[in-house]
Amino acid sequence: MISRRSALLTTAVTIVALGGAGWAGMRLSGTPAEAAPVLPAALGGEMSDVEVTNRQIAFYEERVEGDPRAAADRAALAGLYLQRSRETGEFEDFRRAERLARESLGIRVKMNSRAARILTASLLAQHRFAEALEAAQELVRVWPEDPAHRALLAEIQMELGEYDAARRTLGSLESARENLAVAPRLARWAEVTGRPAEERQILYATADRALYRTDLPREQAAWYFLRVGEHELRFGRLDEAEKAFRDGLQVEPSDFRLVSALARVEAHRGNWRRAVAYGEAVGDAADIRTLGAIGDAYAQLGDRDAAERYYDRVEKAAADNPEPFNRQWTQFRLDHDRHVPETLAILQEEIRTRRDVLGYDMLAWALYRSGRYAEAREAMSGALRMGTQDATLHFHAGMIERALGNREAARRHLEHALELNPRFHPTFPAEARAALRSLR
């Protein structure tokens, strides 16, 4: 589903520049169909990149403590906290990065664009979009020459559903299409506006350029493979998705995001035990989507107690790290038909601020779950307004039209969902096919 990525993903391309050459020759151990679950050794205890980051953090913490006017050191430390948050999934590091970036800018603004970028990225990661938008606009105003700044602004505009503004901002970046900070935002725009072939081409080319960039942290380079795999998974190309995720693990074997993604690949295949094995290997770094996937796998295996334990962990994770626009949590609740009235109230409040395609889709799905079908249809029109080609959007639209008795519209949307991706969800495609049979 479009933009269901976590804060870990939205900040991964914040401070990167130009790129290098190909990854087509990377070799995997076995084909996707025959490879056994590969659990990276780093997830078992050896996390060398994180240890390096921790040592760098300790070094700069000592420097910052010894010099209350060290703007550059504070910006460097903020950047390291941002990097560690991506490596470990530690949400509190986003707040640490924000605090230090603000301190750095309080000391000096001139020649300090790095701190301003990190501040914007940390606010975006915390889903504080209005503040992030203001910070990004200031970033572009003071340092307009850097295309990465305008790309970051465009991402926030897309997250807020300000698509006309995003189109204008991205239009100014055509000459910087190969910039590693720009290209993923152009791919995202192609996703939103229903051009999946263009999106795919951009993502593969960008991963190609990122692979041999020696100045990129490995987790950032691996993130580009994650984007490729997420695209392939969204269109049901499971072997290609698995290959991209495994290639990413060759770049960064300790990347828990890629292992979580492999769990989802196996869930879409219906290989529930393998999905559990991958999901549980992630351990404490598992996000809400991964915890929910493990619970679903246990449910499919008939172990309701284990499933409920993981579903409870989803609720606890959301409570332990409360944040605005926690869409993994609200999506989990809607897909599992849990706490729908409370979730609907949250989404009705969110849509006042964040009017993107996904926001309208989730609101429509919550209204559908609440039996308010006419309102759901109205919200769904907001979700479909950009022509986004996403199977989940059309599944939701089809179920809403079916509930309203609009048989032809329901059939059209449900068939399109299955055409886009016959395996768009571990269980919903079967529901879509059953609905189509009832319509015929």
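Predicted model: local features only at pLDDT ≥ 70, side-chain atom pairs only at ≥ 80, totals over all residues.
Residues are numbered from 1 along each chain as its sequence is written, and side-chain values use heavy atoms, with hydrogens and water left out.

The secondary structure of the protein consists of 23 helices and 0 strands; helices (H or I, at least four residues) and strands (E, at least two) are DSSP runs, numbered from the N terminus. Of the 440 residues, 59% count as buried, where buried means under 20% relative accessible area, exposed over 50%, and partly exposed in between (1.4 Å probe, protein chains only). The protein exposes about 17900 Å², of which carbon and sulfur atoms supply 49%. Accessible areas come from the Shrake-Rupley method with a 1.4 Å probe, and for residues only the protein chains shown count as cover. Among contacts in the protein with a separation of 6 or more, 65% are between residues 24 or more positions apart; a contact means heavy atoms within 4.5 Å.

Helix H9 (residues 183–192) is mostly covered, with 10 of its 10 residues buried. The buried residues include Arg185, Arg188 and Glu191 as well as Leu186, Trp189 and Val192. Their cover includes helix H7 (147–159), helix H8 (163–171), helix H10 (196–211), H11 and helix H19 (357–369). H9 is followed by Gly194, which has a positive phi near 75°.

Helix H11 (residues 218–234) contains Glu232, a buried residue with a relative accessible area of 0%. The side chains of Glu232 and Arg200 are joined by a polar contact of 2.7 Å. A polar contact is a pair of N or O atoms within 3.5 Å; within protein, one must be able to donate a hydrogen and the other to accept it, and residues adjacent in sequence count only if both atoms are side-chain atoms. Leaving aside neighbours within four places in sequence, Glu232 is in contact with Arg200, Tyr204, Arg237, Glu240 and Ala241.

Helix H22 (residues 407–420) and helix H23 (residues 428–439) pack at an angle of about 145°, and their axes are 10 Å apart. Axes are lines fitted to C-alpha atoms, for helices over the stretch in contact, and angles run from 0 to 180 degrees between N-to-C directions. On the H22 side, the contact is made by Arg407, Ala410, Arg411, Leu414, Glu415 and Leu418, and on the H23 side by Pro429, Ala432, Arg433, Ala435, Leu436, Ser438 and Leu439. By class, this contact has 8 nonpolar, 1 polar and 4 charged residues. Ala, Val, Leu, Ile, Met, Phe, Trp, Tyr, Cys and Pro count as nonpolar, Asp, Glu, Lys and Arg as charged, and the others, Gly among them, as polar.

Most residues other than glycine have a negative phi. Phe325, although not a glycine, has a positive phi of about 60°. Phe325 lies in the loop between helix H16 (304–320) and helix H17 (327–335) and is buried at 9% relative accessibility. His339, also not a glycine, has a positive phi of about 50°. His339 is located in the loop between H17 and helix H18 (340–350) and is partly exposed at 38% relative accessibility.
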